[in-house]
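These are my notebook entries on one protein chain. I set down what I looked up, entry by entry.

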Amino acid sequence: MSEKTLPPEVQQLLVQYQTLRDHYVKIEAELRVVEAELGEIESIIDALKNLSDDAEIYKATGHVLIKKAKAEVMKELEERKELLTIKRDKYRKQLEFLTKQLSSLESKIREALEKHGLVTR
């Protein structure tokens with residue numbers, strides 16, 4: 001019994017699909033990291049809001065703790081939160097777009113397989 005090789009058209013579609021799928025997985029992982037950091041920042045902001053304005057706050061910078069004013073730390077955290085929110089939204093849009101592309105490519109692969117008689121129903 002000889003093995004059939006996939007037609008070049010199908011092989012090309014599968015390579016495109018795998019490339020898109022790999023990109024999707026990468027973006028999804030980056031989104032999880034951003035969402036985790038956003039959650040951490042929001043928790044820290046909530047905790048700092050309960051402190052008085054003159055409370056001693058220390059921020060880790062590498063292996064050193066540096067004393068900073070609450071307002072300064074809050075400003076840094078809010079700026080980081082804003083940046084991460086933008087990144088999160090960008091990643092979500094990319095995933096939405098990639099989902100549509102993957103779905104379209106799946107249809108093309110099915111059509112190509114049927115065209116070459118490689119799909120059984």
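Predicted model: local features only at pLDDT ≥ 70, side-chain atom pairs only at ≥ 80, totals over all residues.

**Entry 1: Glu72 and its partners.** Glu72 counts as partly exposed because its relative accessibility is 39%, between the limits of 20% and 50%. Its salt-bridge partner is Lys68, with the closest N and O atoms 3.5 Å apart. Lys68 is buried, because its relative accessible area of 17% is under 20%.

**Entry 2: other salt bridges.** I next turned to Glu79 and Lys75, whose side chains form a salt bridge at 3.5 Å, N to O. Why are Glu79 and Lys75 separated by about one helical turn? They are four residues apart in helix 2, which accounts for that separation. Glu79 is partly exposed, at 45% relative accessibility, whereas Lys75 is exposed, with a relative accessible area of 55%. I also recorded a salt bridge between Arg88 and Asp89, with 3.3 Å between the closest N and O atoms. Asp89 is partly exposed, at 31% relative accessibility. Salt bridges that share partners join Lys59, Lys68, Glu72 and Glu76 into one network. The count of salt bridges came to 12.

**Entry 3: helix 1.** I checked the length of helix 1 against expectation. At 1.5 Å a residue, its 42 residues should span 62 Å, and the end C-alpha atoms are 61 Å apart, so the two values agree. Within this helix I noted Pro8, which is exposed, with a relative accessible area of 65%. From Pro8 to Arg32 I found 24 residues in sequence and 36 Å in space, C-alpha to C-alpha. Several residues of helix 1 are buried, including Val10, Tyr24, Ile41, Ile45 and Leu48. The buried residues of helix 1 pack against strand 1 (57-61) and helix 2.

**Entry 4: the nonpolar core.** Which residues have the most contacts inside the largest nonpolar core? I found Leu48 and Leu77, in a core of 24 residues. Helix 1 (8-49) and helix 2 (70-115) are the elements that give two or more residues to this core. Helix 2 supplies the largest share, 12 residues. Leaving aside residues up to four places away in sequence, Leu77 touches Ile41, Ile44, Ile45 and Leu48. I recalled that nonpolar side chains tend to be buried together in soluble globular proteins.

**Entry 5: a nonpolar surface patch.** Finally, I looked at the surface. Leu6, Leu14 and Leu118 form a nonpolar patch there, with about 200 Å² of accessible area together. Leu6 belongs to the segment before helix 1 and is partly exposed, with a relative accessible area of 34%.

Terms used:
Residues numbered from 1 in each chain as written. Heavy atoms only, no water. Core = buried A, V, L, I, M, F, W, Y, C linked by side-chain atoms within 4.5 Å. Buried < 20%, exposed > 50% of the residue type's maximum accessible area, 1.4 Å probe, protein only. Contact = heavy atoms within 4.5 Å. Patch = residues over 30% accessible without salt bridge, like charges linked within 9 Å, V, L, I, M, F, W, Y side chains within 5 Å. Areas by Shrake-Rupley, 256 points an atom, 1.4 Å probe, with all protein chains shown as cover. Salt bridge = Lys/Arg side-chain N within 4 Å of Asp/Glu carboxyl O. Expected span 1.5 Å × (residues − 1).
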